[in-house]
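Work through the following exercises with the sequence and the model side by side, and try each task before reading its solution.

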Amino acid sequence: MTVDVWLPIPPEEIEGLPVGPNYLFWDGGEDFPADPADCAFYVVPYMKSSEIGVRPLPAMGSVEVVQTLSAGIDHVQPGLKYLRPGVRLCNARGVHEASTGELALTLILASLRGVPDFVRAQDKGEWLGGFRPALADRSVLIVGYGAIGAAIEDRLTPFELARVARVARSGRTTERGPVHPLTELPALLPDADVVILSTPLTETTRHLVDAEFLARMKDGALLVNVARGPVVDTKALLAELESGRITAALDVTDPEPLPQGHPLWQAPGVLISPHVGGPTSAFLPRAKRLVVDQLGRFVNHEPLRNVILTTGPTE
């Protein structure tokens, strides 16, 4: 029996799709391409709202795999309760590490070296000289040391840092050094000149960066968020920014998109990019390679990559 596969990229634009499934294009439009009940492999539309991505799940009684094209899975988790036991949820590990690492480095350098100030001065024809902080000889703390956190460190390595500390949910040892458990984070914060957030959004990490977290950061430190907006308590961050004690570079915000007139837009010492860590020229070819590989494994009954969880009776 032929099974349906829903893709957010037109199947004729993906070379190497395995023969067998019936490939259907759906990128979040109002009308479904077919009966969701016949879908066996669902690739969630990319950069669409959680409501859109979750919408077909209640009717997907035959689905076996839900594949995101994002590193995070928080946007589909609300729909997992609709799925029968045994459905595998896979993320896009391997797709976004390079581009997110690039952006994290860009935000750090732009913030430290004052690039936004230079752009504003250029608009007014002003020569804005003076000394600025360098990344060299600084101490960096990476909070969330998965594939993206490691990719960020790869790009930081040539910049002659004083040290890099790494934090993840549980401690371990890597070739570059120890990864500290989350319980040690409070003791590490006061020594960091730059704190980079690259952790998934979970119930544990929601508002991880609260008033207490921010108070432990040293005066003049830079907070960089390339994770998810709700990892940071926006109200607590605004209080610190408005005091001038720390600065921030945010690719993600809470709320998101950040509405016009929100105080974050005008807060001193903040650089905001509109959630562009993933959508670059690197995305589409890597996403296509992932989809082709995963579907090849699916058709040939081989183990899938990047399985984050398998639904059970309690999902």
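This is a predicted model: local features need pLDDT of at least 70, side-chain atom pairs count only at pLDDT 80 or more; totals for chains, interfaces and linings use all residues.

**Exercise 1.** Describe the open sheet to which β3 and β4 belong, and state which strands stand at its edges.

*Solution.* The sheet is built from six strands in the order β2-β1-β3-β4-β5-β14, with mixed pairing (two strands pair if DSSP finds at least two bridges between them). At the edges stand β2 (22–25) and β14 (307–310), and because each has a single partner strand, one side of each is left without a neighbour in the sheet. On average, neighbouring strands are turned by 20° against each other, direction ignored. Within the sheet, β3 (residues 39–43) and β4 (residues 65–67) run parallel and are joined by three bridges, and Tyr42 stands opposite Val66 in β4. Helix α9 (residues 283–299) packs on this sheet, touching β1 (4–7), β2, β3, β4 and β5 (88–90), where contact means heavy atoms within 4.5 Å. The direction of α9 makes about 160° with that of β3; axes are lines fitted to C-alpha atoms, for helices over the stretch in contact, and angles run from 0 to 180 degrees between N-to-C directions.

**Exercise 2.** Which residue forms a salt bridge with Asp74, and which residues are joined with Glu153 into one network?

*Solution.* Begin with the total, which is 15 salt bridges (a side-chain nitrogen of Lys or Arg within 4 Å of a carboxyl oxygen of Asp or Glu). The partner of Asp74 is Arg228, with the closest N and O atoms 3.3 Å apart. Arg228 lies in the loop between β11 (222–225) and α7 (234–243) and Asp74 in the loop between β4 and β5, so this pair ties together parts that are 154 residues apart in sequence. Arg228 counts as buried, at 19% relative accessibility.

Turn now to Glu153, which is buried at 4% relative accessibility. Its salt bridge with Arg166 has its closest N and O atoms 2.9 Å apart, and that with Arg176 has them 3.9 Å apart. Because Glu153 lies in helix α4 and Arg176 in the loop between β8 (172–174) and β9 (177–181), the latter pair ties together parts that are 23 residues apart in sequence. Arg166 is buried at 6% relative accessibility, whereas Arg176 is partly exposed, at 38%. Through shared partners, salt bridges join Glu153, Asp154, Arg166 and Arg176 into one network.

Definitions and conventions. Residues are numbered from 1 along each chain as its sequence is written. Side-chain values use heavy atoms; hydrogens and water are left out. Helices (H or I, at least four residues) and strands (E, at least two) are DSSP runs, numbered from the N terminus. Buried means under 20% relative accessible area, exposed over 50%, partly exposed in between (1.4 Å probe, protein chains only).
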